[in-house]
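Please look over the model shown here, with attention to its sheet and to its pocket.

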Amino acid sequence: KDVIRKGTRNGASYWFCHSCRHYFSGRSRVDPSAVYRYYAEGTYTIAQIAERLGISCSTVKRRMKGFPLRSISITPRTVALQMDTTYWGRNFGVVLFMDAATHRILHFSFIYRKEHIEDYLAGIAYLKGQGIQVNGVISDGLSGLKKVLAPIPYQYCQFHQVQRIRQLLTNHPKHPASIALKEICLQVTHSDKEQFTEMLSQWHKQWKAYLEEKTYSENGVSFIYTHRRLRAAYFGLTRHLDVLYTYQSFPELGLPNTNNALESLNASLKTKLRLHRGISRERKQRLIQSIIISYNPSSIKGS
């Protein structure tokens, strides 16, 4: 008798309780995690989520805003660690740490500038504090990273190396020297260190004079190397020789030769966030977190 039906709004009946002096509806409260599951799929707009869950757009936004930040639970073990950073603009990115054996994300952190070595060291230190022993690292060659990680074996991602050579020489180089070097680079995943070193050596013998051609200024004294991009490609390959085949030197560690598994997640993040253009940084962070959580469905705990 204390509860009186007061009317209908948005398809739900509203009631008033004289005892507690509160209005309420018969509609069940939507769990924020249900909202984020739809949102993280990257195929629904806020209006579509509201329609599917039977709530208003403003309620969808409130539920997303109240979705708690979470961390990933970690079982102490030994892992080969894949590391990479992906960006949205110049001043926002996420640093990812993946178990190379299971392809599960172990840790992630947001940054608001260009990546630094300290970001990776901080992530490794956190994982060590959680009982993770890192027996090898696969990354994209951030300058100085190999040195600070020593004595941990370091594998430079061969996919990133190929991409770098393509940037320097283009997909369709014109000169025979560039064509030949690009073809050698494409053999990096199909050869071992000795074979690859020999191919580079033979290339250098053939094209050494061309590689050292100079263009002088008007005063005839100062000069620049004429084929600077080709030089950068060649010396980049020779500089990375020691880390391009680490996975072959330590077969017992199970190191992959690329970061492709991590790149797959990066591509998924990019695609899904592209469907939610214009959202605030806070909501973007929560969306990224939600996608990572769904990528690890059985390894999440409350922070």
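## Basis of the description

This is a predicted model, in which local features need pLDDT of at least 70 and side-chain atom pairs count only at pLDDT 80 or more, while totals for chains, interfaces and linings use all residues. Residues are numbered from 1 along each chain as its sequence is written, and side-chain values use heavy atoms, with hydrogens and water left out.

Five strands form an open sheet in the order 7-6-5-8-9, with mixed pairing; strands (E, at least two residues) and helices (H or I, at least four) are DSSP runs numbered from the N terminus, and two strands pair if DSSP finds at least two bridges between them. Strand 7 (105-111) and strand 9 (154-156) are the edge strands, each with a single partner strand, so one side of each lacks a neighbour in the sheet. From one strand to the next the twist averages 25°, with axes being lines fitted to C-alpha atoms (for helices over the stretch in contact) and angles running from 0 to 180 degrees between N-to-C directions.

Strand 6 (residues 93-99) runs antiparallel to strand 7 and is joined to it by six bridges. V95 has S109 of strand 7 as its bridge partner, and G93 has I111. Five residues lie between the two strands of this hairpin, and H103 in the turn has a positive phi of about 65°. Six of the seven residues of strand 7 are buried (under 20% relative accessible area, with a 1.4 Å probe and protein chains only), so this strand is largely enclosed by the rest of the structure.

## Helix 12 against the sheet

Helix 12 (residues 260-274) lies across strand 5 (77-87), strand 6 and strand 7, and runs at about 40° to strand 5. T86, which belongs to strand 5, is buried, with a relative accessible area of 6%. Neighbours within four places in sequence aside, T86 is in contact (heavy atoms within 4.5 Å) with G93, V94, N266, L269 and K270.

## The largest pocket

The largest pocket holds about 770 Å³ of space. Of the 34 residues that line this pocket, D140, G141, L142, Y156 and H160 are the closest to its centre; a pocket is an open set of points on a 1 Å grid where a 1.4 Å probe fits, with protein on both sides within 12 Å along at least five of seven lines, and lining residues have an atom within 4 Å of a point. Helix 6 (158-169) is among the elements that each supply at least two residues of the lining, and helix 6 gives the most, with eight residues.

Terms used
Points joined across faces, edges and corners; volume = space filled by probe spheres on them. Buried < 20%, exposed > 50% of the residue type's maximum accessible area, 1.4 Å probe, protein only.
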